[in-house]
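Me: I would like to go through the terms used for this model and see what each one rests on. Please set each value against its cut-off.

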Amino acid sequence: VKKPSETTRRNFLRTAGVALALPWLESLGPRSAHGAAALGRRRFISMNFPNGVSNFWKPQTTGAGSAWQLSPILEPLAPLKEQVTVLSSVGNYSPWNGHVEPSHANLYGGFLTCIKASAPNNESRGISVDQVIANAIGSATPIPSLQVGLSTLDSYTDGLPAAHSRSVSWAAPDKPLYKLVDPQKVFDTLFNVTTPARPDTSAADKSILDQVYGQAQALQPALSKSDRDRVDEFLTSVRAVETNIANLAMVPACMSGTRPAESYGVSQVPPGYDRNKHADIMIDLVTLALQCDLTRVVTFMLDDARSDFIYSFLSQRNFTLAGSTPSPTPMPISGLHGLSSSGDSNSGWATINYWFVQKLVRLCQKLQAINDGAGSTVLDQSVVWFGSEMHGGNHDGFDLPLLYVGSGGNRLVVGQHIDFASRPRGQDLANVYFTFLNKVFDIGVESFGVGVGTYADAGRRIIPEIVVT
Amino acid sequence: MDAPGSDADSAAPDGASPDGAPDEGVASDAGDPGRVLLHRLNRVEYDNTAKDLLGLATTPATQFIDDISAETPSGAFDNAAEGLHMSPERYQQYFDAAKSMVESVWSDNALKARIVTCAPDTTDKCARDIITAFGLRAWRRPLTDAEVTSLATFAGSAQKDTGDFQVAMKRVVTLMLSSLPFLYKVEMDPQPGSLAPHRLSGYELATRLSYLLWSTMPDSRLLAFGDELQQDDVLAGELDRMLDDARSDAFVHAFAGQWLGGRALAIHAVDPAAYPAWSEGLRAAMTQELYLFFTGLLDRPFDGFLTTDAHYVNDVLGAYYGLANPPAPGKFYSVDLPGGHRGFLGLGGFLTVTSPPARTSPSTRGNWVMTHLLCTPHADHGGMNPALGPGSSPRVALNLTVAAADCTSCHKLFDGVGFGLESYDGIGQFRSSYSPAALVDATGSLDDGTTFNGATELAAALGRDPRLATCAVRNTFSYALGRVLAADDDARVASVRDAWAKGTFRSLLHTIVLGDAFRMRRGEKP
């Protein structure tokens, strides 16, 4: 449901017809009303990377303020330290009832769902936390949620359905959303510029889709059950595109960017492909999407599960527990999975981890620069969830590298390192998501994920340590 | 064989039970052709089809969302109907591509003239002619009168709205390119609730054949046969014609590309620091060699799959394999390689694609062979990867790790195969030692206890294993039908394997294409 003030703002933007980049226009409407609306505009961004981290992730002490210091890998977060909370001794054990070695794909597939990903027939995979949020708040924006990623490799999938490794967002147990890796596709998704806009296009498109729909519908009675199901899928898709065309007039004309010149696909990258540039373009696009309030829910896969992408654009930093320094002579980094399997203290692996954190920082600093009204920034109103599906070379689903940036509108405690090691089984990842859903996004869920065995109670408890009271 | 145009009601199909209606639950009955789901074109098929239909050089589907879906069973080919779902995001891409391709066609008079073959008069005859002719190619079957009328009415109304015949034609072509009969391979069951097998129409069969061999729409010759294509001699003749046409590269690339690792090789990560001999030129040559090797097998007995000396080598590979007189740059030549590199297991491409970037992994190679060549896959957890360096034997470290982590029950079933290939490093170069102190030990064993020493003995052992031929048939059968095989397909696969008797891949394709599963279908219980 769109509030009148929203309509006014969008009308204004459309009338202006030019690049307007502010989701919050101070000049429009009574300040108090807009202030309230702005504070209600919370975002969830999940930025994930695979294969866990090397030894240099965990801060050595816990607490708030000067009681804890950033670890060598987290060092790029220094300018944001007061907006960061690092969580240690959190595990995604609940789907498996404790430790098993469930493979890269299983862990990644279950990272945002906390449900076992490879049960027979895949029947017990579930909805991911970002999609629960999108279902609750997605209708407020033209795009309920956005999934992007950087993997240009046809990555290894552990012999499991590829979606486990390549999709962290799940709309339903059988609906992996995958992600867009092509910057142009992301831009087009945001601004729907794939076809030249002409005044009569929408009506013409709609008349075509009506015919397509009618034909396929007429075919259905002559088909057997399973083929009818396939046609159903087709009809639903056609109808959704038709509805989207009808809704296009509502998209604000907020275009402060131009369509990227770069186009990448899986197994399709130009000579001289630069992963760092790819990441930066994607970060800019995600920023644009959030800035223009085109969506409030984003998942960003920095790489796919078990990626062995060769990060040769990075030169090794030499890590010790005290910090890291660039290698005096350039030392290109090799494949991520190979490094993550070559001992937990290798600097090559840590260098890739460090780069992941740099990309997180880049995104967060951009969000911090956007005024969201009432003295607040988009970062203040966001939870930027950052982490990996496994601890590290041990393939363990416990003591995951996890942190969040942003308090979600002053709902979450920030500026801390919290270690749940003193609890008998640490903390359950499902409880973290349960807390996000209930305490940041005010979605009254009774549980999240499916815990089994002694973990049957996972995903049902608020974690008081991270909630602002 | 039946005369063309005869239908299943009047003639029992070959191999069907006498009454032509298998009982339910007798799915393994060789007379039951099984079912293929309504089948969306995959990305390669879409691009090839759009290119052949419209004459454009664009490949819009390369930018589409991956065809792979969560429902795609592991190891399924990318043309398996089960995995080819539709979603709003996918349909948006199809719709956008249709509009954009139509704009491109209409901006090129020569291409436009292939579709707009007449000028309008006061009747809708020209529109109907265009729709009828384009429809036959776009929907890969003649349109019904009702369909032509409905599309002509749509075009007429668009012309009335815009006053522009060209705009009307653009819209109707966009409509046809956005329609289910273009985007899917549609096969109809006259009685959707009946399990009685019936023949595919000639157009449906032409579509199956064409997407099998060319990954694209049927050409005009194939469509012209109509139901005559169901005649054995016509079907066999067309199969050979199409296989001998250069467009059958699409089959080799899609089938061998997936089954034998060609596609994975093209993007496989190799660490240049570990292998200074590695280059992109070598990768390209190895990939091409793998495809040429498979193409050679089309007319060579399957017994040579693991043993033949015939390899296809260009100058880059000549140096790589250590030929005394490498061929001149450019072309590939069929040569007998010096010792060791025999058959498929001797291909540099195979040995590379089954290795991690900087070393060999007997587990990965072994499980790859078990999965791809013997159809006996084992759960792959992606590797604990004991600390291994290029200078040490993986056998010792692997055995220690496997024993310590209690993983032997699985690893003993496939590591042994990989040990037999340890004489080749991570890019397939022969070696007799890892370092001066660590000699290669290439003794290994199959999961049935057969022992061997080195690649040649391994190849001989695999050649004696009945699973090898069954697995080749299983993969070819699955790709040809474009569906995932289920337990009740075992009997169909066995029957094809026995009829084929380890002939050539060409004869295997003949056995499959002329068999019931390829030429027939049935409904299913409501």
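Reply: Buried means under 20% relative accessible area, exposed means over 50%, and partly exposed lies in between (1.4 Å probe, protein chains only). By that rule B:Arg35 is buried, and A:Asp227 is buried too. The model is predicted: local features need pLDDT of at least 70, side-chain atom pairs count only at pLDDT 80 or more, and totals for chains, interfaces and linings use all residues. Side-chain values use heavy atoms, without hydrogens and water, residues are numbered from 1 along each chain as its sequence is written, and chains are lettered from A and ligands numbered from 1 in the order in which they are written.

Me: Why is the pair B:Arg35 and A:Asp227 called a salt bridge?

Reply: A salt bridge is a side-chain nitrogen of Lys or Arg within 4 Å of a carboxyl oxygen of Asp or Glu. The closest N and O atoms of B:Arg35 and A:Asp227 are 3.2 Å apart, so the pair counts as one. B:Arg35 lies in the segment before β1 (39-40) of chain B and A:Asp227 in helix α8 (residues 225-247) of chain A, so the pair joins two chains. Helices (H or I, at least four residues) and strands (E, at least two) are DSSP runs, numbered from the N terminus.

Me: What makes B:Arg521 a partner of A:Asp227?

Reply: Their side chains meet at 3.4 Å, N to O, in a salt bridge. B:Arg521 lies in strand β10 (residues 520-521) of chain B and A:Asp227 in helix α8 of chain A, so this pair also joins two chains. B:Arg521 and A:Asp227 are both buried. Across the interface of chain B and chain A the rule finds three salt bridges, and the search over all chains finds 54.

Me: How do you know that chain B and chain A are in contact?

Reply: Contact means heavy atoms within 4.5 Å, and 56 residues of chain B are in contact with 64 residues of chain A. The two chains bury about 5,000 Å² between them, 57% of it on carbon and sulfur atoms. Buried area here is the accessible area (1.4 Å probe) that two parts lose on being put together, summed over both.

Me: What makes the pair B:Trp259 and B:Phe305 stacked?

Reply: Rings of Phe, Tyr and Trp (its six-membered ring) pair if their centres lie within 6.5 Å; planes under 30 degrees apart count as stacked, over 60 as edge-to-face and the rest as tilted. The rule gives 53 aromatic pairs over all chains. For B:Trp259 and B:Phe305 the values are 6.1 Å centre to centre and 20° between the planes, hence a stacked pair. B:Trp259 is in helix α11 (residues 249-259) of chain B, and B:Phe305 is in the loop between α13 (280-297) and β4 (310-313) of chain B, 46 residues apart. Both residues, B:Trp259 and B:Phe305, are buried.

Me: Which values make B:Phe305 and B:Phe344 a stacked pair?

Reply: Their centres are 5.3 Å apart, with 20° between the planes. B:Phe344 lies in the loop between β5 (333-336) and α15 (348-353) of chain B, 39 residues from B:Phe305. B:Phe305 and B:Phe344 are buried.
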